[in-house]
Amino acid sequence: MSYFGRRYKVKDPQSLVVDGIRFDSKLEVAHYRKLKMMEKAGEIRDVAYHTKYTFVVNGVEVGTYEADFTFMEKSEERFRIPRIHDVKAWKTDKRNGKKKPILGPADTLRKNLMNACFGLEVEYV
């Protein structure tokens with residue numbers, strides 16, 4: 001299909017629903033399934049999808065961030081390390097062959113605000 005000469009895809013809402021949760025992409029579905037397997041194996045717990053965080057600086061709300069996935073990771077037989085995963089598409093750099101995430105202009109700002117306001121590191125997967 002084309003619209004003014006450009007191709008576009010129509011998303012099928014039925015294809016991205018897993019366990020009653022609507023996902024934004026097939027990459028998120030694949031990562032969700034991986035995390036659920038890790039949860040069943042006892043490596044992680046409390047897997048949550050689209051957890052919202054509000055950034056407050058000097059008593060003023062300056063923005064929000066919706067993490068794709070949050071969970072607790074095991075450390076020394078206790079679940080105490082909070083982890084945040086943001087699912088991104090990756091591209092290969094033609095010069096050196098390394099893969100890096102495709103980031104929008106606000107992604108780095110959100111990552112830095114999560115670290116500054118909550119002390120949490122956002123990992124791109």
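I began with helix α2 (residues 107–118), which lies across β5, β6, β7 and β10 and runs at about 90° to β5. For such angles I used axes, lines fitted to C-alpha atoms, for helices over the stretch in contact, with angles from 0 to 180 degrees between N-to-C directions. Contact here means heavy atoms within 4.5 Å. Helices (H or I, at least four residues) and strands (E, at least two) are DSSP runs, numbered from the N terminus.

I noted that this is a predicted model, in which local features need pLDDT of at least 70 and side-chain atom pairs count only at pLDDT 80 or more, while totals for chains, interfaces and linings use all residues. Residues are numbered from 1 along each chain as its sequence is written, and side-chain values use heavy atoms, with hydrogens and water left out.

Next I looked up the sheet. It is open, has 4 strands in the order β5-β6-β7-β10, and its pairing is mixed. Two strands pair if DSSP finds at least two bridges between them. The edge strands, β5 (44–57) and β10 (122–124), each pair on one side only. β5 and β6 (residues 60–75) run antiparallel and are joined by 11 bridges. On this pair I found K52 opposite E66 in β6.

Then I turned to helix α1 (residues 26–40), which lies across β5, β6 and β7 (78–86), at about 120° to β5. I picked L35 in this helix. L35 counts as buried because its relative accessibility is 1% (buried is under 20% relative accessible area, with a 1.4 Å probe and protein chains only). Leaving aside neighbours within four places in sequence, L35 is in contact with I44, V47, F69, F71 and H85.

Notes: Buried means under 20% relative accessible area, exposed over 50%, partly exposed in between (1.4 Å probe, protein chains only).
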